[in-house]
Amino acid sequence: MIEPTLLLVAKAPVPGLVKTRLAAGVGETAATAVAAAALLDTIEACTLAVGPDRCRLALSGDLAEAVRADEIRTALAGWTLAPQRGDGLGERLANAHAEVSGPVVQIGMDTPQVTPAGLLAVADGLEAADAVLAPAEDGGWWTLALRDPSAATALRDVPMSTPQTYAATRSALEGLGLRVAAGERLRDVDHLADVAPVAAAAPHTRFARVAAEIARVAR
């Protein structure tokens with residue numbers, strides 16, 4: 001049985017620094033509220049999946065300035081916290097993996113519909129593969145599981161946030177000789193058009209409550 005570390009790579013939900021593409025459609029305040037809710041939902045899913053002692057947050061930004069900071073701190077009780085290191089996203093991801101020992105499942109904060117069972121299913125894929133890469137609908141990916149976290153060095157030169165990111169990441173991992181399995185496809189939240197479908201997929205989440213408020217105000 002695979003017993004992974006869950007590695008959450010996220011930004012503190014500080015106005016103006018998160019969900020900038022979404023903010024173009026709903027405004028900075030609403031976009032930050034979406035980010036905070038999505039982060040809290042993801043923290044909860046990770047904690048329920050493996051327990052807080054096997055959860056790690058690589059954080060960009062200052063949590064003291066974040067929306068819902070007190071809730072986030074409470075939710076992170078028992079977690080290991082570390083700052084992100086590096087310039088580009090690929091480098092920051094590789095560096096975050098380098099601080100983990102043993103199997104790892106890495107996730108971001110853009111898929112608040114993820115469930116504890118979904119995260120454990122990704123980890124279970126490492127029984128038969130060296131890596132599990134789960135695609136996002138926009139051509140990126142939402143989670144990466146590795147038997148050996150040092151393999152994340154492959155991410156350093158992968159162009160991130162493009163429609164080809166999933167394919168390029170898979171190619172880079174396979175270039176190391178890894179057997180790569182595909183995980184469940186999910187939709188991540190980058191634009192206003194993503195909010196309603198993701199909320200519908202997870203109607204009982206904090207994210208869905210924020211999405212409902214955005215829809216009410218927009219009427």
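Let's start with the lining of the largest pocket: its residues split into 11 nonpolar, 11 polar and 11 charged. Keep in mind as you click around that this is a predicted model.

**Stop one: the largest pocket.** Select Arg21, Leu89, Asp110, Ser161 and Asp190, which lie nearest the centre of this pocket, out of 33 lining residues. The volume here is about 940 Å³.

**Stop two: the largest cavity.** How many cavities of 30 Å³ or more does a search of the whole structure find? The search turns up 1. The largest cavity holds about 40 Å³ of space. To see its lining, select Ala58, Pro83, Gln84, Arg85, Arg92, Asn95, Ala96 and Glu99. Helix H4 gives the most to this lining, with 3 residues. By class, the cavity lining has 3 nonpolar, 2 polar and 3 charged residues.

**Stop three: two crossing helices.** Next, show helix H2 (residues 28–50) and helix H5 (residues 116–124), whose axes come within 8 Å and cross at roughly 60 degrees. That angle is why H2 counts as oblique to H5. As for handedness, the crossing of H2 and H5 is right-handed.

Which residues meet where H2 and H5 touch? On the H2 side, pick Ala45, Cys46, Leu48, Ala49 and Val50; on the H5 side, pick Pro116, Leu119 and Leu120. Colour this contact by class and you get 8 nonpolar residues, with no polar and no charged ones.

How values were computed: Residues numbered from 1 in each chain as written. Predicted model: local features only at pLDDT ≥ 70, side-chain atom pairs only at ≥ 80, totals over all residues. Heavy atoms only, no water. 1 Å grid on protein atoms, 1.4 Å probe; cavity = no way out; pocket = protein on both sides within 12 Å on 5 of 7 lines; lining within 4 Å. Points joined across faces, edges and corners; volume = space filled by probe spheres on them. Nonpolar A, V, L, I, M, F, W, Y, C, P; charged D, E, K, R; others polar. Axes fitted to C-alpha atoms, helices over the stretch in contact; angles between N-to-C directions. Helix = DSSP H or I, 4+ residues; strand = E, 2+ residues; numbered from the N terminus. Parallel < 35°, antiparallel > 145°, perpendicular 65-115°, else oblique. Left-handed = near helix turned anticlockwise from the far one by under 90°. Contact = heavy atoms within 4.5 Å.
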